[in-house]
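Subject: Structure for your review

Hello,

Here is the structure I promised to hand over. My notes follow below it.

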Number of protein chains: 2
Amino acid sequence: MPLIVQKYGGSSVADSDRLRMVARRIAATREAGHDVAIVVSAMGDTTDELLQLARGVSSEPVARELDMLLTAGERISTSLLAMALHELGHEAASFTGVQAGLRTDQAFGDARILDVQPARIADAIAAGVIPIVAGFQGGNDDEDVTTLGRGGSDTTAVALAAALGAEVCEICTDVDGLYTADPRVVPHAQRLPYLSTEEALELTAHGAKVLHRRSVEIARRHGVSLHVRSSFGETEGTWISDDPVATALAADPLSSDPHASVHQHADLEESPVEQPIISGVTHTDDQSMLTVVGAPDVPGTAAAIFAVITGAVATVDMVGQTHTAADTGLIDFSFALPMEDATRAAKALQREQDRLGFATLTLTDDVGKVSVVGDGMRSTPQVSAQLFEALSAEGITVHLIAQSEIRLSVVVPLEQLEHATRVLHGAFGLDAVELAVVHGEAAA
Amino acid sequence: MPLIVQKYGGSSVADSDRLRMVARRIAATREAGHDVAIVVSAMGDTTDELLQLARGVSSEPVARELDMLLTAGERISTSLLAMALHELGHEAASFTGVQAGLRTDQAFGDARILDVQPARIADAIAAGVIPIVAGFQGGNDDEDVTTLGRGGSDTTAVALAAALGAEVCEICTDVDGLYTADPRVVPHAQRLPYLSTEEALELTAHGAKVLHRRSVEIARRHGVSLHVRSSFGETEGTWISDDPVATALAADPLSSDPHASVHQHADLEESPVEQPIISGVTHTDDQSMLTVVGAPDVPGTAAAIFAVITGAVATVDMVGQTHTAADTGLIDFSFALPMEDATRAAKALQREQDRLGFATLTLTDDVGKVSVVGDGMRSTPQVSAQLFEALSAEGITVHLIAQSEIRLSVVVPLEQLEHATRVLHGAFGLDAVELAVVHGEAAA
């Protein structure tokens with residue numbers, strides 16, 4: 001039987017009513033003739049409550065112990081969900097990350113999955129038992145428990161789907177898919193029926209919160225088809241896949257012959273009128289802008305400043321330079337970074353101020369980043385012109401620009417961020433006729 | 001360094017204040033030059049809260065899943081305690097039952113420990129790390145998590161102490177030891193400085209709730225000295241041991257030469273004036289009395305009735321028979337049993353009523369059991385006479401009697417239970433001059 005891996009986030013199992021609803025949904029999937037393996041996050045606010053307990057006894061909890069503590073959360077949600085399935089007459093059994101064969105590196109709190117050896121899960125499925133696997137956790141070679149960091153349950157689900165050769169990994173959450181923009185900001189946002197993994201990577205890396213970038217990376221590497229959809233109800237959500245059959249199913253979910261609809265989908269792709277260049281617009285306000293003011297405009301300055309910053313923080317997404325007014329021989333450099341990184345970079349620069357020879361540093365978090373993402377950008381060089389035209393017509397200032405093959409991001413003043421998002425959504429033809437009605441859940 | 005295993009019950013770690021107090025006590029033990037290994041129960045009401053969650057999704061939760069659920073409790077308490085110790089500058093690490101090497105049988109919910117292979121715990125101690133072991137849990141050969149049932153954390157502590165060759169296993173709780181009677185019922189009860197394991201077995205089996213009978217059994221079998229004492233403060237509690245050195249230390253904790261005080265203790269034992277015949281009086285109201293009324297007084301009736309009852313329930317502690325008034329050729333049999341067992345036994349008897357030929361059954365839980373326990377009973381046959389005299393002088397009815405080598409139990413009307421307890425406590429010379437001031441915690 002075809003195997004479906006379903007992942008349910010924390011708010012989908014927040015109380016016993018929702019747990020029972022999720023159990024009914026799983027039972028329905030099983031009764032419809034699918035094998036299923038389930039991955040669950042901790043219930044609702046459990047993780048926050050456990051963190052609060054930790055803060056009650058320690059100002060800076062040890063990472064190993066924090067992982068031991070937090071993994072109690074999925075122990076509770078998985079066992080309760082297994083009980084709820086038994087109550088519906090289905091055999092089910094909960095498994096910790098270790099029991100499910102998730103081997104990780106040693107990095108407590110942010111461990112990477114090294115491999116998945118899901119023998120017990122495969123055995124359970126073969127025996128007609130529904131396995132309920134704890135998301136977000138694994139075990140290292142010291143037989144200690146580890147957690148996978150942000151988006152960990154999504155990561156578990158995709159890695160398990162890859163190891164089990166599942167047909168699809170459903171990320172079940174309390175929104176019904178990925179949207180062309182955040183519907184709370186852009187009321188005319190539309191649900192995206194499908195995305196390439198590359199588009200999904202750019203969207204999740206630059207503001208889309210429904211699922212985590214890491215899980216998309218694993219899905220891309222192992223060829224797992226993702227389906228982001230609502231935990232409650234049967235509506236189709238967003239398919240993320242580079243597999244034409246899966247995306248075709250997404251384009252025409254009612255078709256009983258996937259290959260027929262592949263053909264139809266291929267037709268669509270050849271028709272640029274039907275296929276928008278831009279798939280979505282994301283925005284994020286977690287950016288700060290660090291500016292090195294009045295550096296000497298001589299060869300090597302930029303390289304020296306860069307070396308200091310990249311020594312202090314992992315990555316710098318966006319950078320710009322401006323010649324100071326008049327011919328003073330000075331130059332300014334600006335960097336967009338998450339606030340924590342920006343503070344660390346500023347400290348590193350200050351320590352080297354004498355050597356680098358700049359005048360001052362300015363640091364502001366009154367900025368935001370808006371990005372447009374779409375596979376169609378590859379063949380459409382005029383996207384940047386269109387973007388600047390649209391923003392400038394609305395009087396929106398652009399501080400910095402960054403570009404990948406399929407993404408264009410701009411840093412704008414924070415108070416113009418949401419307006420800029422709406423403007424670009426409209427300018428690239430993404431506005432729906434009807435208003436979107438959704439509510440948000442962050443990736444767990 | 002001599003190793004001390006300390007077990008802390010749920011109410012001793014019920015909140016972050018208490019967790020920090022326990023951490024300070026452990027740190028003090030360590031700093032006084034002892035190696036320590038710690039066993040902890042789940043915090044306060046955690047287990048009840050988890051059970052309530054289970055009832056929210058299932059009318060009859062599966063045992064395997066219930067164990068997965070409940071073991072979340074010790075994960076939380078152990079990791080928090082390890083964090084609290086780090087905060088005090090001590091290296092500490094939490095370990096699940098599985099990580100600590102507690103291998104059990106397959107009986108979810110009431111598993112027996114098969115063996116303890118505490119390599120990781122011994123390694124931690126050798127490395128100067130304080131191991132914090134989850135009580136109440138282990139793992140079976142299927143790599144599933146199991147729980148040990150009532151008194152499970154005590155059991156874990158004693159089994160671990162045996163496996164590590166600890167000098168003593170301290171059962172730290174919120175009472176300061178075992179008493180000659182329950183101080184809530186007998187205000188003049190006194191703390192017992194020491195008990196033989198056999199006395200402790202009888203007391204814990206017949207009403208004393210401070211620790212569980214199973215842990216005493218393991219301590220007895222493996223020669224582990226137990227010390228039941230308060231989690232907070234340094235007062236000596238009750239030593240339970242058959243080792244003369246340990247009991248001598250208990251008799252004279254200030255002595256720096258245990259063998260000197262062994263001698264002193266031996267002197268005491270030879271002096272019956274100093275050594276009370278009875279160590280303690282326990283009472284319990286969890287008894288019911290089942291009476292088979294009007295059975296034919298012919299050979300084989302008693303055996304047939306017994307066979308039916310012992311086929312239905314595990315053990316029958318107490319039994320009595322009465323000839324019905326006048327020479328009717330009929331006889332009554334009474335049995336004292338826990339209510340659940342009594343109900344099951346009554347059903348079994350009813351099914352066989354025609355064959356057994358009795359008239360009716362009566363079942364009442366308006367009874368209680370009071371027991372006197374003491375090693376001195378072996379050499380003092382007049383204990384039963386003294387007991388009946390004391391009870392009869394106070395007009396207390398005795399329904400049933402049972403006796404072991406060092407225990408005498410009577411079933412009395414429930415409304416006379418506490419009075420009977422006080423009467424016997426006084427009659428055997430156990431009343432202290434001053435009132436006891438304690439508060440109770442059940443074994444966890």
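A residue is called buried here when its relative accessible area is under 20%, and exposed when that area is over 50%. The model is predicted, and the values that follow are computed from it.

A:C172 has a relative accessibility of 0%, so it counts as buried. A:C172 takes part in no disulfide, and the nearest cysteine sulfur, which belongs to A:C169, lies 8.6 Å away. A disulfide would need the two sulfur atoms within 2.5 Å. In chain B, B:C169 is likewise buried because its relative accessibility is 0%. For B:C169 the nearest cysteine sulfur is that of B:C172, at 8.6 Å, and B:C169 is in no disulfide. Over all chains, the number of disulfides is zero.

Next, the interface. On the chain B side, 41 residues are in contact with 41 residues of chain A. The two chains bury about 3,300 Å² between them, and carbon and sulfur atoms account for 60% of that area. Of the area that chain B buries against chain A, 23% comes from B:V57, B:R75 and B:M83, more than from any other three residues.

Polar terms across the interface are as follows. There are 22 residue pairs in polar contact between chain B and chain A, counting pairs with both residues at pLDDT 80 or more. The side of chain B that touches chain A draws at least two residues from each of α1 (16-31), α2 (46-57), α3 (63-70), α4 (72-87) and β3 (92-95) of chain B. α4(B) contributes the most to that side, with 10 residues. Sorted by class, the side of chain B that touches chain A holds 21 nonpolar, 10 polar and 10 charged residues. Two salt bridges are counted between chain B and chain A. One of the pairs in a salt bridge is B:R120 with A:D144, whose closest N and O atoms are 2.8 Å apart.

A:F136 is not a glycine, yet its phi is positive, near 75 degrees. A:F136 sits in the loop between β6 (130-134) and β7 (137-139) of chain A, and it counts as buried because its relative accessible area is 14%. A:E143, also not a glycine, has a positive phi of about 65 degrees. The loop that holds A:E143 runs between β7 and β8 (145-147) of chain A. With a relative accessibility of 59%, A:E143 counts as exposed.

Regards

Notes. Residues numbered from 1 in each chain as written. Chains lettered and ligands numbered in written order. Predicted model: local features only at pLDDT ≥ 70, side-chain atom pairs only at ≥ 80, totals over all residues. Heavy atoms only, no water. Contact = heavy atoms within 4.5 Å. Buried area = accessible area lost by both parts, 1.4 Å probe. Salt bridge = Lys/Arg side-chain N within 4 Å of Asp/Glu carboxyl O. Polar contact = N/O pair within 3.5 Å; in protein donor to acceptor, adjacent residues only side chain to side chain. Helix = DSSP H or I, 4+ residues; strand = E, 2+ residues; numbered from the N terminus. Nonpolar A, V, L, I, M, F, W, Y, C, P; charged D, E, K, R; others polar. Buried < 20%, exposed > 50% of the residue type's maximum accessible area, 1.4 Å probe, protein only.
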